[in-house]
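Subject: Handover of a structure and notes on its contents

Dear colleague,

Please find below the structure that I am handing over to you. My notes come after it.

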Amino acid sequence: MRLPGAPISAVAPPLFPAPFPFMPAYLSGLCRRSLRLFLTLLKVMLPVLIAVRVGEALGLVQLAGQALAPIMQVFNLPPEAGLVWMACLVAGIYAGLGALIGLAAVMDLTVAQLSALAAMMLFAHAIPVEQAIVRRAGASFWFTSALRVGTAALYGAAVSWLCAALDILQQSATLAWLQGSGAGERAAQDHLAWAQGTLVSLGTTYLIIVALLVLLDVFERIGLTRRITALMVPVLRVSGLEARVAPVTTVGVLLGLTYGGALIIEAAAREGYSPRTRLLALSWLSLSHSLIEDTLLMIALGADFWIVLVGRVLLTMLIVAGMARVWRQPAGQPLAGAA
């Protein structure tokens with residue numbers, strides 16, 4: 001998952017060549033881009049917010065929560081967290097965010113539980129769309145989907161239960177700011193209060209988008225994005241990926257599965273990647289992609305950096321390295337596409 005539209009540096013040069021020589025022009029460009037992204041996200045988030053509201057009014061949310069309660073107990077998470085993850089699995093991270101906003105008033109999460117839920121959302125989201133891209137790039141839809149969902153479930157449960165056992169990150173996660181103006185409690189009975197709270201929530205989301213765009217632009221200007229890219233290549237190679245596919249995979253890891261998958265489709269046709277190479281690269285992309293944007297979003301919500309980034313990347317590296325050891329390159333077989 002990534003913000004609709006790549007980071008500023010991925011689709012166009014910085015807004016102007018010199019470091020912010022004309023601040024009004026920069027702000028104008030930033031407002032146009034952030035508004036365009038926000039309107040795209042609004043098409044995803046608003047229907048989910050309305051669906052959650054209608055479900056609450058009809059009692060469907062409560063029924064779904066009761067049905068999911070036994071499952072979510074396995075993850076040491078409240079039943080409502082299951083509704084958030086379901087929305088995320090089907091429609092993407094911003095649909096999950098919409099459900100989280102709608103349910104924030106009735107969800108009581110610790111920072112550890114919020115971090116576990118955030119990590120589950122990062123590992124597994126938008127499965128129908130993203131895994132269709134993976135399938136087109138040359139890996140099994142069902143295998144990579146199961147890999148994402150299974151890894152998300154195991155990691156989320158491990159984080160939540162381990163943090164509880166060790167009494168780590170057990171302070172309450174503050175979600176009230178997602179609803180704004182204290183409208184959360186009145187929303188169950190007062191439609192106007194719900195609408196006001198929703199507008200404040202969407203406004204907060206817009207401000208987060210603006211902050212992310214500025215931060216990504218700063219990263220590009222100071223060269224941090226290039227440094228991160230350089231650091232990721234050896235990490236991918238340690239996982240068992242061929243050196244020639246690591247740079248292509250890095251693009252998807254940093255910018256999103258859509259970009260990485262498209263590049264692998266093109267490169268596989270040009271260089272003849274073996275099925276093993278495609279599976280390993282696409283498994284990496286499926287488990288961890290858009291590391292900068294999506295991670296910053298979850299941290300802004302209150303998730304723990306070490307859980308949603310460091311732990312996620314380390315687990316991905318271990319899983320793909322294990323897959324590489326199980327499916328070894330046959331001895332004496334030349335690399336696909338080699339002369």
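The notes below begin with the chain as a whole and then turn to individual residues.

This is a predicted model, in which local features need pLDDT of at least 70 and side-chain atom pairs count only at pLDDT 80 or more, while totals for chains, interfaces and linings use all residues. Residues are numbered from 1 along each chain as its sequence is written, and side-chain values use heavy atoms, with hydrogens and water left out.

The chain as a whole

The chain contains 16 helices and zero strands. Of the 339 residues in the chain, 52% are buried; the term means under 20% relative accessible area, against over 50% for exposed and in between for partly exposed (1.4 Å probe, protein chains only). The chain exposes about 15,100 Å², of which carbon and sulfur atoms supply 71%; accessible areas come from the Shrake-Rupley method with a 1.4 Å probe, and for residues only the protein chains shown count as cover. Among contacts (heavy atoms within 4.5 Å) between residues at least 6 apart in sequence, 79% join residues at least 24 apart.

Helix 6

Helix 6 covers residues 111–123, and its 13 residues reach 18 Å from first C-alpha to last, close to the 18 Å expected at 1.5 Å a residue. The expected span is 1.5 Å times one less than the number of residues. This helix is mostly covered, with 13 of its 13 residues buried.

Glutamate 130 and its partners

The structure holds one salt bridge, that is, a side-chain nitrogen of Lys or Arg within 4 Å of a carboxyl oxygen of Asp or Glu. Which side chains meet in this salt bridge? They are those of arginine 148 and glutamate 130, at 2.9 Å from N to O. Arginine 148 lies in helix 8 (residues 141–166) and glutamate 130 in helix 7 (residues 127–137), so the pair ties together parts that are 18 residues apart in sequence. Arginine 148 is buried at 0% relative accessible area, and glutamate 130 is buried at 6%.

The side chain of glutamate 130 also makes a polar contact with that of histidine 289, at 3.2 Å. Such a contact is a pair of N or O atoms within 3.5 Å; within protein, one must be able to donate a hydrogen and the other to accept it, and residues adjacent in sequence count only if both atoms are side-chain atoms. Histidine 289 is found in the loop between helix 14 (275–287) and helix 15 (291–301) and is buried, with a relative accessible area of 2%.

Positive phi angles

Serine 290 is in the loop between helix 14 and helix 15. Although not a glycine, serine 290 has a positive phi of about 50 degrees, and it is buried at 0%. Aspartate 167, in the loop between helix 8 and helix 9 (184–187), has a positive phi near 60 degrees and counts as exposed at 60% relative accessibility.

Aromatic pairs

There are four aromatic pairs, meaning rings of Phe, Tyr and Trp (its six-membered ring) with centres within 6.5 Å; planes under 30 degrees apart count as stacked, over 60 as edge-to-face and the rest as tilted. One of them joins phenylalanine 141 and tryptophan 142 edge-to-face, at 5.0 Å centre to centre and 80 degrees between the planes. Phenylalanine 141 is buried at 19%, whereas tryptophan 142 is exposed at 69%.

Yours sincerely

Definitions and conventions:
Helix = DSSP H or I, 4+ residues; strand = E, 2+ residues; numbered from the N terminus.
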